[in-house]
Amino acid sequence: MIVIFDWDGTLCDSIDHIVAAMQGAAREVGLAVPTPAAVRDIVGLGLPQAIAQLFPELGEAEVKRLAASYSKLYVSSDQGPAPMYPGAMDTLHGLRDAGLELAVATGKSRRGLDRVLTGLGLEGFFDSTRCADETHSKPHPRMLNEIMSERGKAANEVIMVGDTEFDLAMAVNAGVSSIGVSYGVHAVERLQSHGPLAIVDALPDLLLLPAIQSRGAQSTG
């Protein structure tokens, strides 16, 4: 079994950082500054897809300009990696001690994910990672399909954990089970619409994964 985590808003408390960088980038290139709620709504998408949703009127050149400004501001304002959510590392170690493999599927760029993993001392910790700029953005299933292929896992050996409907829709599209977290950017009602096994309020709740899987099997049996 492999548990695949989203990063921002699921394992890492980085949402405010993302909002500030996107608002600053819009301001820098002379666009209307999006509200925090609007930015939070696109967290989890790849950067070009997020910008296209926030600013559908922009042409390709303008999207690239805004993306460059966002990346610059995100890195320049980074005073070290955003903190992990409470219980995150204990949960990851607990799942690994239980014999589960761990992976990350994120809307971050490869450069961004590698930077934060290095800053947290987690380089090489996960069995597999996929980023939006090296494959398809969520909710396309390619990230999950590639991880499954790399790790030799069938769909029934995978659980995707995320805080957005993009994460859970990706799981549906890949034919794998999912678990939502309630403390991220999308409302519980949006997560529930994608049929997760459960929605948890804190990461340590995932240590009850066998019981969650059992309940999911009973509800579909």
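What radius of gyration would a compact globule with 221 residues have, and what does the protein have? After that, please describe how helix 3 meets helix 4.

Author: This is a predicted model, in which local features need pLDDT of at least 70 and side-chain atom pairs count only at pLDDT 80 or more, while totals for chains, interfaces and linings use all residues. Residues are numbered from 1 along each chain as its sequence is written, and side-chain values use heavy atoms, with hydrogens and water left out.

For 221 residues, a compact globule would have a radius of gyration near 17 Å, and the protein agrees with its 17 Å (taken over C-alpha atoms; the globule rule is 2.2 Å times the number of residues to the power 0.38). Of these residues, 50% count as buried, that is, under 20% relative accessible area with a 1.4 Å probe, protein chains only.

The secondary structure comes to 10 helices and 6 strands (DSSP runs, H or I of at least four residues for helices and E of at least two for strands, numbered from the N terminus). The axes of helix 3 (residues 47-54) and helix 4 (residues 60-76) come within 10 Å and cross at roughly 115°; axes are lines fitted to C-alpha atoms over the stretch in contact, with angles from 0 to 180 degrees between N-to-C directions. The two helices are therefore roughly perpendicular to each other, a term covering 65 to 115 degrees.

Leu47, Pro48 and Ile51 in helix 3 meet Val63, Leu66, Ala67, Tyr70 and Ser71 in helix 4, where contact means heavy atoms within 4.5 Å. By class, this contact has 7 nonpolar, 1 polar and no charged residues (Ala, Val, Leu, Ile, Met, Phe, Trp, Tyr, Cys and Pro count as nonpolar, Asp, Glu, Lys and Arg as charged, and the others, Gly among them, as polar).

Technical notes
Parallel < 35°, antiparallel > 145°, perpendicular 65-115°, else oblique.
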